[in-house]
Amino acid sequence: MPDTNTGNPLKELEELYKNKDYEAYKDLLIKNKSLFIDAQYFYNLGTAYLKLEDLGAARLYLEKSYQLGQQDKLVTNNIDYIKTQYDLGSQEYNLVAKGLDIPSVYYTSITLVLLLIVLVLNWRTKIHKGVIFILFIVSLSPAIFNSIYLKATYNNAVVMKDTQVHEGPSAIFEHNQQAREGLRVIISKVNEGWSFIYWPSSVKGWVKSDSIETY
């Protein structure tokens, strides 16, 4: 392997990636996490794991990057590659899944915009205070929906290794399907080391919690 010890971690990372030494690239990236904002760090780490064909870790970190707001082609193309290349793309539409797709910062931003509109209306018009109060409550609904309903009830997760899906939260229950590594799922319940996959419905059931990672 060529000598990449330049004293400049960014340059070293560039050289390691260029030379396809993805294991060393991943290790050096982890050591220098502080050099990157979180969204960029998770994208880089997810890409490294994808090159190493560790689909679970790759999908997990790419999804984390997406959730933190990096929703450009770099991230989405890699996620789409995992879904299509490994036949993980056929996941039916689900309102909860779409809601969890939206980063929390977007819900907060929408709430702040609505609050600003309510304040302007209160300042510039003679709308009845009762109406203003109702509008104020409505303006809080995006943040309330996200934090009290979505995040309190459901969790995004990635299957880190192929795992059997059981009908109940124990190995004694029958299993007749498998959740594949790299699959994005939504977890709605946890019971003594077992997690319930709520979505997609094709793998709905209980899996061991150590076979998935939430994000």
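Is Glu-53 buried or exposed? Glu-53 counts as exposed, at 60% relative accessibility, where exposed means over 50% relative accessible area, buried under 20% and partly exposed in between, with a 1.4 Å probe and protein chains only. This structure is a predicted model, in which local features need pLDDT of at least 70 and side-chain atom pairs count only at pLDDT 80 or more, while totals for chains, interfaces and linings use all residues. Residues are numbered from 1 along each chain as its sequence is written, and side-chain values use heavy atoms, with hydrogens and water left out.

**Overall form**

- The protein chain contains nine helices and seven strands; these are DSSP runs numbered from the N terminus, with helices being H or I of at least four residues and strands being E of at least two.
- The radius of gyration of the protein chain is 22 Å, whereas a compact globule of 215 residues would have one near 17 Å; the radius is taken over C-alpha atoms, and the globule rule is 2.2 Å times the number of residues to the power 0.38.
- The C-alpha trace spans about 75 × 55 × 30 Å along the principal axes of the protein chain.
- Buried residues make up 39% of the 215 residues of the protein chain.
- Of the contacts between residues at least 6 apart in sequence, 54% join residues at least 24 apart; contact means heavy atoms within 4.5 Å.

**Nonpolar cores**

- The largest nonpolar core has 36 residues, and those with the most contacts inside it are Leu-29, Tyr-61, Val-185 and Ile-197; such a core is a set of buried Ala, Val, Leu, Ile, Met, Phe, Trp, Tyr and Cys residues joined through side-chain atoms within 4.5 Å.
- Two or more residues of this core come from each of helix 1 (9-18), helix 2 (22-31), helix 3 (38-51), helix 4 (55-67), helix 5 (73-85), strand 1 and strand 4 (184-191).
- Another core, of eight residues, lies apart from it and includes Ala-97, Tyr-107, Leu-150 and Tyr-154.
- With neighbours within four places in sequence left aside, Leu-29 is in contact with Leu-13, Phe-36, Tyr-41, Asn-44 and Leu-45.
- In soluble globular proteins, nonpolar side chains tend to be buried together.

**The second largest pocket**

- The second largest pocket holds about 150 Å³ of space. On a 1 Å grid over the protein atoms alone, a pocket is an open set of points where a 1.4 Å probe fits, with protein on both sides within 12 Å along at least five of seven lines. Grid points are joined across faces, edges and corners, and the volume is the space filled by probe spheres set on the points.
- The lining, meaning residues with an atom within 4 Å of a point, consists of Gln-67, Leu-68, Leu-100, Pro-103, Ser-104, Val-105, Lys-151, Tyr-154, Asn-155, Asn-156 and Tyr-215.
- By class, the lining has six nonpolar, four polar and one charged residues; Ala, Val, Leu, Ile, Met, Phe, Trp, Tyr, Cys and Pro count as nonpolar, Asp, Glu, Lys and Arg as charged, and the others, Gly among them, as polar.
- Ser-104, one of the lining residues, lies in helix 7 and is partly exposed, with a relative accessible area of 28%.
- Leaving aside neighbours within four places in sequence, Ser-104 is in contact with Asn-146 and Lys-151.

**Backbone features**

- Most residues other than glycine have a negative phi, and most peptide bonds are trans.
- Glu-53, in the loop between helix 3 and helix 4, has a positive phi near 60°.
- Asp-87 also has a positive phi, of about 55°, although it is not a glycine; Asp-87 lies in the loop between helix 5 and helix 6 (95-101) and is exposed, with a relative accessible area of 57%.
- The peptide bond from Trp-199 to Pro-200 is cis, with omega near 5°.
- Pro-200 is located in the loop between strand 5 (194-199) and strand 6 (205-208) and is buried, with a relative accessible area of 1%.

**Separations in sequence and space**

- Pro-200 and Ala-179 are 21 residues apart in sequence and 9.9 Å apart in space, C-alpha to C-alpha.
- Ala-152, in helix 9 (residues 141-153), counts as exposed at 58% relative accessibility; the C-alpha atoms of Ala-152 and Ser-188, 36 residues apart along the chain, are separated by 9.2 Å.
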